[in-house]
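Subject: Structure handover

Hello,

Here is the structure I said I would pass on. Please open it next to this email and look up each residue as you read.

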Amino acid sequence: MTVQEGVLRYGDSSWQRVDLYTPVQGPVRSAVVIFHGGFWRHDRIARDLEPLAVALVQRGCAAAVVEYRPAWDGGQWPAAAEDAAQALERLDGAGAPWRDATLVGHSAGAHLALSALAGRGGGRRAVLLAPVVDLARTVATGTGGPAVGHFLAGHLASGGSVDEATPRPSRADLASLTVVEAACDQAVPTELTEYQLKGWRDGGLAVDHHLVADARHMHLVNPEREGCAAVLALLAGDPAAAEGSAS
């Protein structure tokens, strides 16, 4: 299927853009808005997820990959989270197929996806891939090394707390929440994933959890890896196939 590419700007910084990928012909089965990881410092960038976006288009989906300011260029908390919310508002204003699209966050991108949703009562579907969301627990487990400290440096210096920067969506914010965990994740420990799952469930959220056997951290967003099959099935609206690819 031929892919049409575009760019949507939502701010003055060159970072503040959304890369759009849509099918040239045929109906759009679903739409997703993806927030990349990289621990807010852009170890990864939006263009790294172009293969995932193209693979989704080939399945009849539309994909938007959000770029945002890194911590070293204006994106320290809360700026990157504000970018996420502004990008989502800009996409919603663009109409179909982006309005009510599923939000997807990989690694620390999951923190930004939930930051864009929390407290807004939008009732959106969210899929979190190897999520890094609870920042206090992220620090406690050593996940990302000094990344959280860099991200929150200004906030902490002004008397803020780590906990204040963790998004806590309610049932009104989320129509559904799905977490996909890579069984061999070398970047996000199982301890962090289990802690976050418990926190969301204790907070009254129903969470669907998929464990992808033999997958590493980046496999979940790399369509050339077998571990991405479950993710593609979930995002393309084929939960039965997703179950067949996960354990």
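Below is what was found in it, topic by topic.

The model is predicted, so please keep that in mind throughout.

Salt bridges

The count of salt bridges comes to 10. One of them joins the side chains of glutamate 5 and arginine 47, at 3.6 Å from N to O.

Another salt bridge is formed by the side chains of arginine 69 and aspartate 83, with 2.8 Å from N to O. Arginine 69 belongs to the loop between S4 and H2, and aspartate 83 belongs to helix H2, so the pair ties together parts that are 14 residues apart in sequence. Is aspartate 83 buried or exposed? Its relative accessibility is 0%, so aspartate 83 counts as buried. Salt bridges with shared partners also join Glu5, Arg17, Asp19, Arg47 and Glu50 into one network.

Arginine 69

The loop that holds arginine 69 runs between strand S4 (61–66) and helix H2 (79–93). Beyond its neighbours within four places in sequence, arginine 69 is in contact with several residues, among them Ser13, Trp15, His42 and Asp83.

Aromatic pairs

How many aromatic pairs does the structure hold? There are four. In one of them, phenylalanine 39 and tryptophan 40 are edge-to-face, with 6.2 Å centre to centre and 65° between the planes. Phenylalanine 39 is buried at a relative accessible area of 10%, and tryptophan 40 is buried at 1%.

Tryptophan 77 and phenylalanine 151 form another edge-to-face pair, with 6.3 Å centre to centre and 75° between the planes. This pair links distant parts of the chain, as tryptophan 77 is in the loop between S4 and H2 and phenylalanine 151 is in helix H5 (residues 147–151), 74 residues apart. Tryptophan 77 is buried, with a relative accessible area of 19%; phenylalanine 151 is buried too, with 0%. Ring pairs link Phe39, Trp40, Trp77 and Phe151 into a cluster.

Helix H3 covers residues 109–117, and nine of its nine residues are buried, so the helix is largely enclosed by the rest of the structure. Among the buried residues are His111, Leu114 and Ser115. After H3 comes glycine 119, which has a positive phi near 80°.

Helix H7 (residues 190–202) contains glutamine 196. Glutamine 196 is buried, with a relative accessible area of 3%. Leaving aside neighbours within four places in sequence, glutamine 196 is in contact with Pro131, Val132, Val133 and Asp134.

Cysteines

A disulfide is a covalent bond between the sulfur atoms of two cysteines. A search of the whole structure finds zero disulfides. For cysteine 61, the nearest cysteine sulfur is that of cysteine 228, 12 Å away. Cysteine 61 is buried, at 0% relative accessibility. Cysteine 184 is partly exposed, with a relative accessible area of 38%.

Regards

Notes. Residues numbered from 1 in each chain as written. Predicted model: local features only at pLDDT ≥ 70, side-chain atom pairs only at ≥ 80, totals over all residues. Heavy atoms only, no water. Disulfide = S-S within 2.5 Å. Buried < 20%, exposed > 50% of the residue type's maximum accessible area, 1.4 Å probe, protein only. Helix = DSSP H or I, 4+ residues; strand = E, 2+ residues; numbered from the N terminus. Contact = heavy atoms within 4.5 Å. Phe/Tyr/Trp six-rings, centres within 6.5 Å; stacked < 30°, edge-to-face > 60°. Salt bridge = Lys/Arg side-chain N within 4 Å of Asp/Glu carboxyl O.
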